[in-house]
Amino acid sequence: MRALWWSRLSLLLGAPREWAPGLALLGLGVALPALVSTEYVLLGASTLVLMLLGVSFNLLFGYAGMFSFGQSAFYGVGAYATVLLVNKAGFDFYVALVAGIAAATLLASVGGAVLVRLEPIAFIMLTFALADLLEFGASHASSLTGGDSGAIAELPRALNVTVGVNRVYYVILAIAAVVLVAAFAFVRSRAGLMLRAIREEELRAATLGIAVERRRLGVFALAGAVAAAAGGLSVLSAQIVYPSVFAWQLSASALIVTLLGGVGLFSGPMIGAVLLELIDFYVGRSSTNTVLIDGLLLLAIVLIAPRGVVASGSGSLPGAASGLARRMLTAARGARAGAPG
Amino acid sequence: MSLATFLDQLFAGLGLGFILFFSAAGLNLVWGVLGVMNFAAGAVYMLGAFMATTVIAHVGASTLGWLLALVLVPVLAAAGGALAEVVLLRRTYREHDENQQFMLTLVLSYLIAGGVVLVYGPGFRTVSLPGALSGSWQLFGATLPVYTAVVIVLGVLVTAAIWGLLYGTRAGLLTRAAVDDRTMLSMLGVDVNLLYTGVFAFGIGLGALGGVIDAPNGAVTTNLETAALVPAFIVVVTGGLGNMTGALIAAVAIGVIESFVTLRSPTLAPLTPYAVMIVVLLARGLAGRSLLPDRARAAT
């Protein structure tokens with residue numbers, strides 16, 4: 001009886017490396033304010049936001065094989081809707097956040113109805129173009145958005161990050177945890193399984209009776225909602241929204257954290273977000289040319305752990321270390337042999 | 001609208017269209033042959049513009065300096081592209097790892113952008129046109145800037161050269177064969193690796209050429225990366241992936257229409273590429289038709 005129960009649970013949650021690193025990170029997240037100084041608590045807050053954005057990208061790319069290069073579109077809609085509803089309509093922050101998520105979900109559903117029918121490369125480019133179009137709009141509709149000088153969130157004292165970092169941090173952590181659990185429940189559900197079937201073999205999935213386009217639209221809307229939650233929470237950690245929330249660099253970050261951690265692993269983008277934020281934090285301290293150093297570090301990671309840090313480790317720490325060493329050796333050998341083709 | 005205004009906008013639009021076509025052609029070729037979505041195309045364009053400022057700063061803003069930039073910068077960029085292809089991209093074909101390919105071109109764009117900031121600093125540069133190229137001619141009451149005429153002529157020449165290379169030479173024949181069936185080509189004894197390196201280098205050179213030609217039109221800043229990348233993407237999608245004729249028509253159409261929209265509303269003009277793309281995609285029934293459908297589908 002008990003054995004059956006356990007096997008059912010592991011069937012429900014999947015392989016430990018799917019969820020265990022993420023769970024550990026959330027646990028660490030709860031303890032963070034007790035362990036480190038304010039500066040790092042703020043870093044933790046922006047890491048949580050980036051985690052959600054990465055998970056949103058991974059939902060599409062990792063589980064459904066849909067390469068969206070415009071998750072910043074939904075992130076930005078979440079951020080702007082939240083700020084504008086708080087500032088102009090006097091909404092409570094939490095209500096505004098939910099409304100922002102709803103707005104982004106609507107946009108993803110309407111836009112997605114067209115986008116998910118396109119061939120993959122057109123999907124990449126048009127999701128990219130959607131975000132760029134919204135950036136143009138936010139930058140030019142200055143009477144509403146404040147244009148390039150940004151919109152400062154008029155938040156109550158209780159949600160002001162300069163007044164109480166820890167309080168705001170825990171608000172972000174709590175909401176992020178709820179969104180993460182919901183997204184995880186989705187990927188482990190029947191719908192998540194069907195998406196993976198579509199990713200692996202579209203024709204076969206369709207023949208088995210899976211409504212391919214409807215499933216794709218569904219995950220596109222869900223990923224839009226998750227990205228919007230990230231954007232809405234970024235209002236708390238940054239307290240201001242610029243048109244650059246729509247910039248492709250942000251979508252690139254979502255891609256980077258996913259590839260860093262591991263594509264199609266739920267914990268992948270979570271670990272990746274921690275790595276990227278730490279890299280950016282320390283690079284930003286010592287150099288103004290963050291782009292170059294980011295590029296070099298990313299290059300090193302892509303060459304050493306091409307399948308992501310989580311996937312490259314074999315689950316256990318010694319396994320991970322030996323896997324890393326093997327990859328470094330292979331990379332070094334490849335470089336010496338003049339990159340065989 | 002008077003004939004003079006019409007011609008003014010038409011000339012400006014043609015100039016814009018050809019510059020657009022160069023980046024898009026580079027993207028298209030690399031996508032069609034290598035199956036690599038070269039995200040670094042915008043950064044290459046920006047690099048081309050910055051390198052042009054260096055060449056002209058050293059040689060002087062003379063016709064010679066400008067011609068030198070026009071030849072030297074694309075050649076240097078192509079050499080850099082060949083190096084990047086051999087060192088970074090080549091290893092990924094065997095593994096068919098498109099994620100890694102995209103990631104590598106993204107890394108490349110970071111390295112180029114970072115390199116530009118390292119060398120040129122965060123500020124902007126300008127290039128002034130040599131005297132011989134900076135005047136203008138009167139034509140049916142319209143003003144045709146000499147440089148715009150030069151850009152249009154160059155555009156036609158380079159476009160003809162691309163077609164000549166693709167359809168008139170053995171390398172072009174092999175390139176088109178590689179699009180159809182790379183394995184078969186390799187079994188027939190063709191050095192596909194070399195061919196890929198050549199195509200990638202050529203694509204990068206074309207992108208840099210766009211940057212060089214565009215450099216005198218305004219301030220050379222790091223913003224050029226996004227400013228070039230987005231319209232190039234749009235042109236490639238609008239024209240049909242891998243479809244060179246489509247890309248040419250799309251680029252020139254977008255350039256000309258944008259030029260006329262500028263007349264009415266300079267603020268809305270940057271939206272033209274999107275508008276054209278949406279109309280074309282809807283008209284085509286969202287099918288995304290392409291002359292190279294096998295590659296487009298195989299790359300899923």
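Which residue, with a positive phi, follows α2(B)? In this predicted model, local features need pLDDT of at least 70 and side-chain atom pairs count only at pLDDT 80 or more, whereas totals for chains, interfaces and linings use all residues. Residues are numbered from 1 along each chain as its sequence is written, and chains are lettered from A and ligands numbered from 1 in the order in which they are written. The residue that follows α2(B) is G60(B), with a phi near 105°. Helices (H or I, at least four residues) and strands (E, at least two) are DSSP runs, numbered from the N terminus.

Helix α2 of chain B comprises the 19 residues 41–59, and its end C-alpha atoms are 27 Å apart, in agreement with the 27 Å that it should span at 1.5 Å a residue. The expected span is 1.5 Å times one less than the number of residues. Of the 19 residues of α2(B), 15 are buried, so this helix is largely enclosed by the rest of the structure. A residue is buried if 20 or more other C-beta atoms, placed from the backbone, lie within 10 Å of its own, exposed if 12 or fewer do, and partly exposed in between. Helix α1 of chain B (residues 3–34) has 32 residues and reaches 45 Å from its first C-alpha to its last, close to the expected 46 Å. Because 26 of its 32 residues are buried, α1(B) is likewise largely enclosed by the rest of the structure. A glycine with positive phi, G35(B), follows α1(B), the value being near 70°.

Further along chain B, the axes of α11 (residues 244–264) and α12 (residues 272–283) come within 9 Å and cross at roughly 125°. Axes are lines fitted to C-alpha atoms, for helices over the stretch in contact, and angles run from 0 to 180 degrees between N-to-C directions. The helices α11(B) and α12(B) are therefore oblique to each other; angles under 35 degrees count as roughly parallel, over 145 as roughly antiparallel, 65 to 115 as roughly perpendicular and the rest as oblique. Their crossing is right-handed, a crossing being left-handed if the near helix is turned anticlockwise from the far one by less than a right angle, and right-handed if clockwise. From α11(B), A253(B), I254(B), I257(B), E258(B) and V261(B) meet T272(B), P273(B) and V276(B) of α12(B), contact requiring C-beta atoms, placed from the backbone, within 7 Å.

In chain A, helices α2 (residues 16–35) and α3 (residues 38–64) pack at about 160° with their axes 9 Å apart, and are therefore roughly antiparallel. The crossing of α2(A) and α3(A) is left-handed. G29(A), L32(A) and P33(A) of α2(A) and V41(A), G44(A) and L48(A) of α3(A) make the contact.

Elsewhere in chain A, V179(A) lies in helix α8 (residues 165–188) and counts as buried, with 22 C-beta neighbours inside 10 Å. Residues up to four places away in sequence aside, V179(A) touches L52(A), V226(A) and A229(A). Q239(A), in the loop between α11 (212–238) and β2 (240–241) of chain A, has a positive phi near 65° although it is not a glycine. With 17 C-beta neighbours inside 10 Å, Q239(A) counts as partly exposed.

The contact between the chains takes 36 residues from chain B and 32 residues from chain A. On the side of chain B that touches chain A, α4(B) gives the most, with 13 residues.

Terms used: Two residues are in contact if their C-beta atoms, placed from the backbone, lie within 7 Å.
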